[in-house]
Amino acid sequence: MLATQPLFKKCTLAALCAAVCSGTIAAEGDEQQPQKIVAPVMEEVLVSASPIADSQAQSIALQRDAVNVVSAIAADDIGRFPDHTAAAALARLPAVAVQRDQGQPRYIQVRGAPARWTTVSFDGINVIGAEERVFRFDSVPAAVMDSVEVSKTLTPSMSSEALAGRVDIHTYSPLESDGFSVDLDLGYGPMELGDGDQERYAGRLAWGGDTFGAVVALSTFSMEQVTDNNEIGYDENDAPTFFDFRSYKLERETNSAMAKFEYAPNEAHHFVLSSLYTEFLDHEQRNMYVLSLEDAIAGSRGPDAGELIGVPVEGWLQDGNYENSTFTNTLGGDHFAGEWEINWRLNYTQTESNVELPIILRNQTDPLEFASLTYDHTDRGFPQVQLYSTEFNEQGMPVMGEASSSLNQTGFGFDGLVNYLINSETDAYTAKLDFTRAWTMGAADSELKFGVQYDDREATSPGSSSAFVAVGPMAQAIGFDWNPNQYVTDESWDTDFDRGVDITYVDNAGLRNELDSALAALTDAGLVNPDEFISPDSSYQVNEKVASAYLMNTWTWDRHQILVGARIEQTDLTSEGFLNDGTSTTPITLDSDELQVYPSIHWNFEVTDDLKYRLALVTGSSRPTFNQMRAGASLSDAGATVSGGNPEVENEFAKGVDTSLEWYFADAAVASIGAFYRDVDNVLFDSVTIVGDDRYNSDGMDRSDYEYQTTLNGDDGKLAGVELAYQQQWSFLPEPFDGFGMQANVAFLDGEFTTPDGRTTAFPGTSDQVINSSLYYENFGWSVRLNWQWRDAWLDDISPDADGDYYWQDTERLDLSIRYQITEAIGLYADINNLTDETGIRYQGNESRPVEIEGFGKRYLFGVRASF
């Protein structure tokens, strides 16, 4: 699929050129209309640029008018979105923490909750993320967005499957255009680490008339990145057990295309047809070498220093791909029939996720090829290594030989293949019907709203693989010329990490071609069967059907507004898979169902014309992943154990309260304080229990008392926090300082739950503090923003005991964005990311045991944006 990348770029560039031409032709057509000839008049043209302030004003209006607790980012008055992607926009909202993948903002965590607790919708229709329900927010470009709203409290008209927050991405409406409009974004810039390139091409062509509108948008973003990586293991005395040095070469691309048509023949009827496709492609080359310190022949290891003789080295080499895509299509209508407003939507969404990582694992077998070394690890996470050769003295004892500055990358005696394969696909159908009617109850203006929704989702996966093939000796056995050493180059790693040793890149693409040829030869010889790479018990087909209905009413009188309602959802699940006992596989089908009611109350009170108080009692849920609900399992009768999915695992359920005070003290300005508390039931957790029923019994074998390793519902948890936010352009200052402004927010968060074994632990992803702050200046055509984000340490992975838990250390990010509007139609921009060259640090138990260090370098993007 990666081969299609240049084609997508060419098509996007061609479409952008066509858009410019169509805009020019439209303008020329306008000029051909009869004109009254008048004398030319020279006048001063003042170019103003205020995308941040304009967006801020609209965002504040969305927040103020909402009946529930909402944070929003909107486009400015001429449709320019202030950020390149949804992920970048959301990173600036209160209590929203960004989870980055090798430096790029990708996933979000609302109020510090796990990413799975946040769902995404497009124009009000929930869409399942391609990565086990989790959505990639960097895959949605600015070209398709009109606004992004984060609902932190749900109303009954919204699907319940958002325990922490629901991100609704409103796509651009062509009926908001007056005639033809063209928006272009062309960007290019270098990556500091690796000297790779970033390229961005995006465009939107829209036409809007009195009754019909159409818009087409295309976007492509690509980058060539090098990522530094060190990983370290520790023993019980904090001495390192291995040093793992890595350099990744990445070619990443995000592509999207959108088409939307709107037809409004009169004020009583409006129809919409939209289609959006996004895809993420990641071509990853791994160069990785592991120094197995604990397997040294002789020597000593200490926490800070060591001297070792005969350290075996492993090589991990890979040329692989990650791919996922989302394709969502909606047909709908909005109608007025007398006193009633009727809205309906039909949606089909397909997601795909594919991981293909064939890793060549190289092992040293000759002790003379082992490395001897000394190390200095006083700077934890950044070991300094001095290499020596390994020799044997006359007594046959290993000793240190000559010093060397380069790692031996050819002295491997055994090559194997670890073939990681993960594939999944979902098909989801949604039908939604809503009725709304305004009515009067005493002195209150009321609005009654009710509706029904039906979701039919099918998730399938052929399974996953981590199969091992002894590719080296098997290839040599059939006479295949297997020689990975020929692909070791003399190009040193491009790195900012000083490891004390020189390592060169491997031509992973050439090695991948040789691997594919070797596997083909082994398959032809009948020694390898690719169909056996995937274990049947990891495959699944899960059908999830959700029927829901809701009823709510809103009363507005004097300075009060109250919404009361409830949503009821019936979920029926059928999970099909295979039971693998090591000798045979047996098809298995398991069914489950769940009925849940989600009530909520929202009260808003205008204390004064500028001060608004909110109080809400709400509920919500989060569904398990399809893999967690799979029926498939592997079992061992000898060990009396079963490992697999759990179709009977229940949704996580939350109930709680939100309260906030919002002060709209000036135009396009707000200061607010809010607090929330959620009581969470049925927290999902991987654990061990007893099977407890006959689901895995067969051939007279009773397995009901076997040990069962699966996903379970843990005990209760809690999530709470306080949010402070401030936004204002300081127009009260004298010129030229009146262009300064600030957006700042801080969240203090706390969350924990009890595991099935009784241990209390934090939720993965919960930081105690999250700060987002922007200082900006807009005047004289300039728009400059310095954005700082900080979050303290958060739990990443839970281990059986607290000392083994993995955390990400507190991180900060400083980014600079500069815009200059040359004319009303054309502007230039420069984006500089990671100004302070921050690294990501992951540790185990405490910060003195860093297990992973990642470095990415600064990133630069320069471009032009045009609107016609």
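Colleague: Which order do the five strands of the open sheet have?

Modeller: Please keep in mind that this is a predicted model. The five strands of the open sheet follow the order E1-E6-E7-E4-E5, and their pairing is mixed.

Colleague: Which strands stand at the edges?

Modeller: Strand E1 (70-74) and strand E5 (125-127) do. Each has a single partner strand, so one side of each is left without a neighbour in the sheet.

Colleague: By how many degrees are neighbouring strands turned against each other?

Modeller: The average for this sheet is 25 degrees, with direction ignored.

Colleague: In which sense do E4 and E7 pair, parallel or antiparallel?

Modeller: Strand E4 (residues 118-122) pairs with strand E7 (residues 165-171) in the parallel sense, over five bridges. Within this pairing, Thr118 stands opposite Gly165 in E7.

Colleague: What does helix H2 touch?

Modeller: Helix H2 (residues 51-65) packs on the sheet and touches E1 and strand E6 (145-151). The direction of H2 makes about 150 degrees with that of E1.

Colleague: What does Leu90 touch?

Modeller: Leaving aside residues up to four places away in sequence, Leu90 touches Val96, Ile108, Phe137, Val148, Val150 and Val167.

Colleague: A change of topic: where does Gln364 lie?

Modeller: Gln364 is in the loop between strand E16 (340-363) and strand E17 (371-376).

Colleague: Is Gln364 buried or exposed, and why?

Modeller: Gln364 counts as buried because its relative accessibility is 9%, and the limit for buried is under 20%.

Colleague: What does the side chain of Gln364 reach?

Modeller: The side chain of Gln364 reaches the backbone nitrogen of Val313 at 3.0 Å. It also reaches the backbone oxygen of Glu369 at 3.2 Å.

Colleague: Finally, how many aromatic pairs does the structure hold?

Modeller: The structure holds 28 aromatic pairs. In one of them, the rings of Phe243 and Phe245 have their centres 6.2 Å apart and their planes at 15 degrees, so the pair is stacked. Phe243 is buried at 0% relative accessibility, and Phe245 is buried at 2%.

Colleague: And why is the pair of Tyr807 and Tyr843 stacked?

Modeller: Their ring centres are 5.4 Å apart and their planes are at 15 degrees, so this pair counts as stacked. The pair links distant parts of the chain, with Tyr807 in strand E40 (residues 806-808) and Tyr843 in strand E43 (residues 839-844), 36 residues apart. Tyr807 is partly exposed at 22% relative accessibility, whereas Tyr843 is buried at 8%.

Colleague: Which residues form an aromatic cluster?

Modeller: Trp117, Phe685, Phe753 and Phe763 form one.

Terms used:
Residues are numbered from 1 along each chain as its sequence is written. This is a predicted model: local features need pLDDT of at least 70, side-chain atom pairs count only at pLDDT 80 or more; totals for chains, interfaces and linings use all residues. Side-chain values use heavy atoms; hydrogens and water are left out. Two strands pair if DSSP finds at least two bridges between them. Helices (H or I, at least four residues) and strands (E, at least two) are DSSP runs, numbered from the N terminus. Axes are lines fitted to C-alpha atoms, for helices over the stretch in contact, and angles run from 0 to 180 degrees between N-to-C directions. Contact means heavy atoms within 4.5 Å. Buried means under 20% relative accessible area, exposed over 50%, partly exposed in between (1.4 Å probe, protein chains only). A polar contact is a pair of N or O atoms within 3.5 Å; within protein, one must be able to donate a hydrogen and the other to accept it, and residues adjacent in sequence count only if both atoms are side-chain atoms. Rings of Phe, Tyr and Trp (its six-membered ring) pair if their centres lie within 6.5 Å; planes under 30 degrees apart count as stacked, over 60 as edge-to-face and the rest as tilted.
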